[in-house]
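Trainee: I'm new to this one, could you walk me through it?
Mentor: Gladly, have a look at it and then we can start with some terms.
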Amino acid sequence: MTWLLFAEQTLNGLQQGVMLFLMAAGLTLVFGIMSLLNLAHGSLYMVGAYVTATVTQASGSFGLGVLAGMAAAALAGGLIELIALRRLYARDHLDQVLATFGLILFFNELVKILWGPQALFLSTPEILSGTVDLAGTPYPAYRLFIIAVGLLVALGLRVLIVNTRVGMLIRAGSTHREMVGALGVDIARLYTIIFAVGAMLAGLAGALAGPMLAIQVGMGENILILTFVVIIVGGIGSVRGALVGALLVGTVDTFGRAFLPMALRAVMDPSAADTVGASIAGMSIYILMAAVLMIRPRGLFQAYGGT
Amino acid sequence: MASRRTVVLTLGLLLLIGLPPAALAFGEPFMVTLWSRILIWALAAASLDLILGYGGMVSLGHAAFVGIGAYTVGILGHHAFEGSAVPFLPGDWSGSALALVQWPAAVGAAALVALIIGALSLRTAGVYFIMITLAFAQMLYYFFISLPDYGGEDGINLWQRSEVPGLDTGDPVVFYYVCLVLLVGFLVLAKRLVDSRFGMVLRGCKQNEARLRALGCPTTRGKLVAFAIAGAGAGLAGALAANQTEFVDPGLMHWTKSGELIVMVLLGGMGTLVGPVFGAAALLLLEEVLTGITEHWMIILGPLLILVVLFARRGIYGWLAGPGARDG
Amino acid sequence: MAEPILEVRGLTKRFGALAASDGLDLTVRRGTVHGLIGPNGAGKTTAINQLSGELSPDSGHVLFEGRDVTRLPVHRRARLGLQRSYQITSLFPDFTALDNVAMAVQIRGRSCFGMGRPARRDPTLRDPARALLDRVGLDDRRDVVAGGLAHGEKRQLEIAMALAAGPRMLLLDEPMAGVGRRETRRLMDLLAPLRGEITLLLVEHDMDVVFALADEITVMVKGRAIASGPPESIRADREVRRAYLGDYG
């Protein structure tokens, strides 16, 4: 095992981590501020991916596609917030689970009607389809692009939360809900905006995932559950926790898949090592989650005191 | 005079007993199979309601225990047919096709897994609990997908239904009555449980767990026992589900199945044991009707669920049996 | 003089820069009513929470009946006989008043997780619960759902539940908060006869209540005890007057 392989896998882990961060940031903000558990967050990711693929294919421009995907996800998010979800903020989590579960069924079926049941594939935009030379090893430029975008978003969110009036309201809103209302802020509008921003980030994640995954119904749920693991590890309601959790989960998952079968080959025959290694690697992030639960049941960082 | 609740329950039970002969007389044998499925999922939903409706634990991974029960039957039957040894067990026991062996094993395995998952998940509460139960269930789902010996994603076939001496479980009507007896048996036991001291603690946990602890009750231990019992009930449902379809695949434990179980509980009436039976019937019949109208029936079901949450919280049983309809 | 049942030594709890308990010392003697008073923000509720186990102190010790309970969880302390009531009533709102007390009786008993016979038809739970409801004057409200009781009645029920658990010592966090004159009278009549049977630590804002009921009073300011003694000496203490009673005129 060379350090180059190690560096390559670290970048892969980082890339998966920032994708998860884009998802986790929206989910954790919406929970931290509105106390809403939104299972349909993955559906917004799916909407982003489908719209990006369609617009990219029609216009030939991936950049345009990504913008359209983000806009579509933000629009879908804003609409479901206005129509249904805002009625659920004061309800218990069970009601939220059930209603957003209903939304998932709706979105999955809607996508099936509009795009059909077969998966779509999107090729990497030409400008990013090459590789970058990293000390003699070629590394896909597109993955580096995702890392850059993810880190930029993280930085942008930090600036937004620490330095702006909206950020002040977000910080105040997650701890002193009533006080923000007393300041004369239009809470309903603030909530819709925050929800749409979270949806837009999910749409961005979906758009960026397009060239790397099969775009299909159900893709949202797979990433949603990984996002939950991120949030459990990082602590709910905390954007910093979401970032740390996402990078940790991304790295553990990538390393597990890359190195576990290899490590096991040292002690058993190769084909068995590959099978056993793959199935343990698939479970590695859940083992990480269980370990965090043992030490810190409320995650590594926790912003919001409620349950 | 009999209360409205007694009337609803008696009528419901009589209808269920009389269903197979009526279905056969009207030339609709398919109804027997459909209703067997309803009884099985009713059992799973009722077991979920023990922790959800009574204990206030929103588990979004209950289908995992159904899956464990189903796979236990599938794996034991598989090895009995092949004559090969069951892995991870001492000795070279080659499984069994007997219901008397398979079903208790399914119940035990599901209870054990529930005990482990519960012990970890119950370190938290509220929204964390929802996400963690979901994540662990999904972990099991991926685990079974990665087991090539048992068909991986494709699942395994049962070569025969579990054998009950003196009964032909292969006959749909016989199998229906087996399911009905097990469901009613489970409901009677569960009713005793929720009325007992243990049940009072469980209900107390839902209302004010901190107060129970302040009174001196180790609530987490009680919730864990309830979680394992609910897992056991789901395991039995899984054993029956495997038998009914004569096939087991990871899809049985996919998280959407857990979501559907919650829907059944809420649709029927949470915090009652009979409610989930009505809920299971309603959801599966609705599916049957809607699929007849359009293959995209989920586009109707999804918004319908949201409407139920927003406007009809009492559930079907609460509506039938009148206000204040509780099992206790 | 009776021996101490509860001894607190150097209890300290910080929330960031704020020390809610700052080296608190407190001795409560068996069978007495001990008042704990102090201005708002003196850290009385924080102190109670550390005594009951809901908060864990940064340093210091809590000894109950000579045993160090500083690190014991809430339910273990409760089982040793250290019970509490809450400033905001804490009941089982969907249960009837009788269910609430029966629940407390049940948990005191040996099989709090029994799965045998129906708990609501068990005379070993229902009879003592009825007797306790009689004692606090709620005998005619037995079958009312707790969430539907009047505020003062909830307080009475709260005390019945605390008593049902068979405590040796009861931590009462502002039992009279938000209660009218007449109900305050009734609650005082309820608490006074407990003296000798149970040790009471009473946190209360109503000075008339504290000076009428307490055998001994400790005054807290900014997380520490500045004075402790019988009511008459506390009334006379100049430092107390300046720091605290003066605020009230």
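Mentor: Two strands pair if DSSP finds at least two bridges between them, and helices (H or I, at least four residues) and strands (E, at least two) are DSSP runs numbered from the N terminus. This is a predicted model, where local features need pLDDT of at least 70, side-chain atom pairs count only at pLDDT 80 or more, and totals for chains, interfaces and linings use all residues. Residues are numbered from 1 along each chain as its sequence is written, while chains are lettered from A and ligands numbered from 1 in the order in which they are written.
Trainee: OK, which residue stands opposite A:D133?
Mentor: That is A:P138, in β2(A). Strands β1 (residues 131-134) and β2 (residues 137-140) of chain A are paired in the antiparallel sense over four bridges, and they form a hairpin with two residues between them, where A:A135 in the turn has a positive phi of about 50°.
Trainee: Switching topic, how many residues does the contact take from chain A and from chain B?
Mentor: Chain A gives 39 residues and chain B gives 36, counting two residues as in contact if their C-beta atoms, placed from the backbone, lie within 7 Å.
Trainee: And which helix gives the most on the chain A side?
Mentor: With 16 residues, α4(A) gives the most to the side of chain A that touches chain B.
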